[in-house]
Each structure stands twice: as structure tokens, then as C-alpha cells.
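Student: Can we go through this structure together? I'd like to know how to read it bit by bit.

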Amino acid sequence: MDKETFFKKLDRIPDLPTLPVVAFKVNKMLQDVDVSIRKLSEAIEKDQAMVSKILKLVNSAFYGFRSKINTISHAITILGFNTVRNAIVSIAVVDAFSGKDAFEAFDITEFWKHSVAVAVTGRHMAEKTRLGTPDEAFVAGILHDVGKLVLAQYFKELFGQVWTSIQDEGLSFYEAEKKLLPADHAQVGGRLVKKWQLPASLVEAITYHHAVKKSATNFNLLVLVHASDHIVNNYKTGSSEGLELSGLFPEAARIMAAELKALPEWFPAVETEIENACEFFIEDGG
Ligand SMILES: [Fe+2]
Ligand SMILES: [Fe+2]
């Protein structure tokens, strides 16, 4: 199958997850600079399940506010429009893919654990390096590998071939799919997120997270995702060796040098935060 046929097939899948209506609407409304807190709250309140999840999230240890947030408008006032949008998108994406059959060897819980780990690490890196907005880095992390889910759920046979070649030839997931698929999971994920009409900066951060592109709309967000993925996949807390830098885009390594060097100091606390976030997004939220 060539790339074009593959993408055509992808676009025609009738039950490909859509972003739940409320997330889609909120995203649209936020493209209007004049949107009011009241209007946005009303839109969110149409989905009561979403309301309770958002309130649970913003009141969780993960956000760490001391006073209780009881309403959506209060949440927006305290957290801001974009943070609430990113929280909704993160919750919605985990929901959109749950309860579907995937290629049997694919462990969906492990998949989300990885995504949440990259999200939390990205948020921390964004804060420390000031390269991006922390919650934008978070949502990009949650979404970065979503193409793998699409492949595992909708292209089971192709995914199976990738799986076999990982086992038999000892290839990495990315190497195997490069070899066997018309498009890799990063491109597939980017395509989906574009269809959902999420911002171009997010679409590109997903599409290029393995093949960093200097000319991306928001290069900093892209390298935050790329580097966080690399850290989560390669850094072992407590090991005497530092982070393996091969495979990391050289410019990312350069602009984040200080934080990468200081990993042993900050990563253990981030690991605790990852556990908290997993509890929310996977065991409970998903
Ligand atoms: Fe990936
Ligand atoms: Fe990843």
C-alpha cells in the first residue's frame, strides 16, 4: 500500500475516533478571542460527565490547589481558557479510544502510561526551560503516540507485521514501522489530530516527534515532546550513567543541556507526579 492509498483508507474509516462534541466545541470557541467565560462554561456544562471529570482533575493532587474548585467557570477563572481546553482534550482523547479492540499483543494500559509519562515530563521541562506553555506540552505528550493506537485498532494486520518484526529482528517500533508501513505512527497521529482541528503547533509536534523538523510552527513545543519522549524511554532513575544522548536531536540536547544534566535531581519527583497522573487518566479517567 502506498502512502496516499493508506491515508485515503485512514480518512475513510467510519468509526475512527472523533473528538467528543464538547472538546471540539470548546476548541472552536477558543479560536475566537472574544469568547466569554460564561459562554465557554455553558458549552462545557452540556456534557455533565465531562464536567465531573474536569472538576475531579482540577481538584486532584495533580493540580495542587488548596481551595476546592466547584464550578467550571471557577476552574476557567483560576486556570485560564487554554489550560481548561487542554484538560478537556486530554480527558477526551483517553475516552475516545477506550473500549475498542486493538491488536491483541498491544497493551493499552502501558501505552497510556507512556503517554502520561511523556506529558508530565514535558510539562515539567516546559516550566523549567521556559521553552513552552506547560499545559500545551502536557496535551502534546498525551497525544504524541496516538497514531500507534490508530494502527493497533484499525490496521491490525499491518500492526501485526510490525510487531512480528520487532520480536524477530530486534528492531525498535519506529524502525519496524518505517520498514513496513506506508506512514509511521507519528504521521498517522498528526493526520488524526489535524482532522480534529487542533492547533497546527500540536499537529506538528506529533507529526515530527521522531523526525524533528527545524521549520516547525512551534519548534520549541516539538523539541519538548521529542526530548520528553527520549527521557522517558532512556533514562533510568538511580543509574549511575546519565542520559544517553544519541537519538536526541542535537539542538534539543543543546537548548535543554542544563535540565538534561540535572535529571537525577528532578526526575524522581516527576515520577511521583506521573503516578498521580496515571491514577487519574488511566485507572479512573480512561
Ligand atoms: Fe512515538
Ligand atoms: Fe512515545
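Predicted model: local features only at pLDDT ≥ 70, side-chain atom pairs only at ≥ 80, totals over all residues.

Student: Fine. Which residues of helix α12 are buried?

Tutor: Helix α12 covers residues 185-195, and the buried ones are His185, Ala186, Val188, Gly189, Gly190, Leu192 and Val193.

Student: And what covers the buried residues of α12?

Tutor: Other helices do, including α1 (3-12), α6 (81-97) and α8 (134-143). The cover also includes α9 (146-154), α11 (173-180) and α13 (200-207).

Student: What caps the N-terminal end of α12?

Tutor: Asp184 does. A side-chain oxygen of Asp184 lies 2.9 Å from the backbone nitrogen of Ala186.

Student: What follows α12 at the other end?

Tutor: Gln197, with a positive phi near 65°. Gln197 sits in the loop between α12 and α13.

Student: Is Gln197 buried, exposed or something in between?

Tutor: Gln197 has a relative accessible area of 37%, so it counts as partly exposed.

Student: What about Arg130, what is its phi?

Tutor: Arg130 has a positive phi of about 55°, and it is not a glycine either. Arg130 is in the loop between α7 and α8.

Student: Buried or exposed, that Arg130?

Tutor: Its relative accessibility is 75%, so Arg130 counts as exposed.

Student: What does His185 touch, then?

Tutor: Leaving aside neighbours within four places in sequence, His185 is in contact with Asp145, Gly147, Lys148, Leu151, Phe173, Tyr174, Glu177, His209 and His210. With Glu177 there is also a polar contact, side chain to side chain, of 2.4 Å.

Student: How far is His185 from Ala61?

Tutor: The two are 32 Å apart in space, C-alpha to C-alpha, and 124 residues apart in sequence.

Student: New topic, holes. How many cavities of 30 Å³ or more are there?

Tutor: The count is 1. The largest cavity holds about 60 Å³ of space.

Student: Which elements give two or more residues to its lining?

Tutor: For the largest cavity, those are α6 and α8. The largest share, 4 residues, comes from α6. Among the lining residues are Leu57, Phe62, Arg123, Asp135 and Phe281.

Student: What classes of residue line that cavity?

Tutor: The lining of the largest cavity has 6 nonpolar, 3 polar and 2 charged residues.

Student: And the largest pocket, how much space is in that?

Tutor: About 660 Å³. The largest pocket is lined by 26 residues.

Student: Which of them lie nearest its centre?

Tutor: His114, Asp145, Lys148, Asp229 and Asn233 lie nearest the centre of the largest pocket.

Student: Which elements give two or more residues to the pocket lining?

Tutor: They are α7 (108-129), α10 (156-169), α11, α14 (219-234) and α17 (263-284). By class, the lining of the largest pocket has 9 nonpolar, 10 polar and 7 charged residues.

Student: How many residues does the largest nonpolar core have?

Tutor: It has 109 residues, and Ile44, Phe97, Leu143 and Phe281 have the most contacts inside it. Phe281 is also one of the residues lining the largest cavity.

Student: Pick Leu143. What does it touch?

Tutor: Not counting residues up to four places away in sequence, Leu143 touches Val89, Val93, Val193, Trp196, Leu198, Leu202 and Ile206. Of these, Val193 is one of the buried residues of α12.

Student: Last one, Thr129. Where is it, and is it buried or exposed?

Tutor: Thr129 lies in helix α7. Buried means under 20% relative accessible area, and Thr129 has 16%, so it is buried.

Student: What does its side chain reach?

Tutor: The side chain of Thr129 reaches the backbone oxygen of Met125 at 2.5 Å. Apart from neighbours within four places in sequence, Thr129 is in contact with Leu224, Met256 and Glu259.

Notes. Residues numbered from 1 in each chain as written. Chains lettered and ligands numbered in written order. Heavy atoms only, no water. Buried < 20%, exposed > 50% of the residue type's maximum accessible area, 1.4 Å probe, protein only. Contact = heavy atoms within 4.5 Å. Polar contact = N/O pair within 3.5 Å; in protein donor to acceptor, adjacent residues only side chain to side chain. 1 Å grid on protein atoms, 1.4 Å probe; cavity = no way out; pocket = protein on both sides within 12 Å on 5 of 7 lines; lining within 4 Å. Points joined across faces, edges and corners; volume = space filled by probe spheres on them. Nonpolar A, V, L, I, M, F, W, Y, C, P; charged D, E, K, R; others polar. Core = buried A, V, L, I, M, F, W, Y, C linked by side-chain atoms within 4.5 Å.
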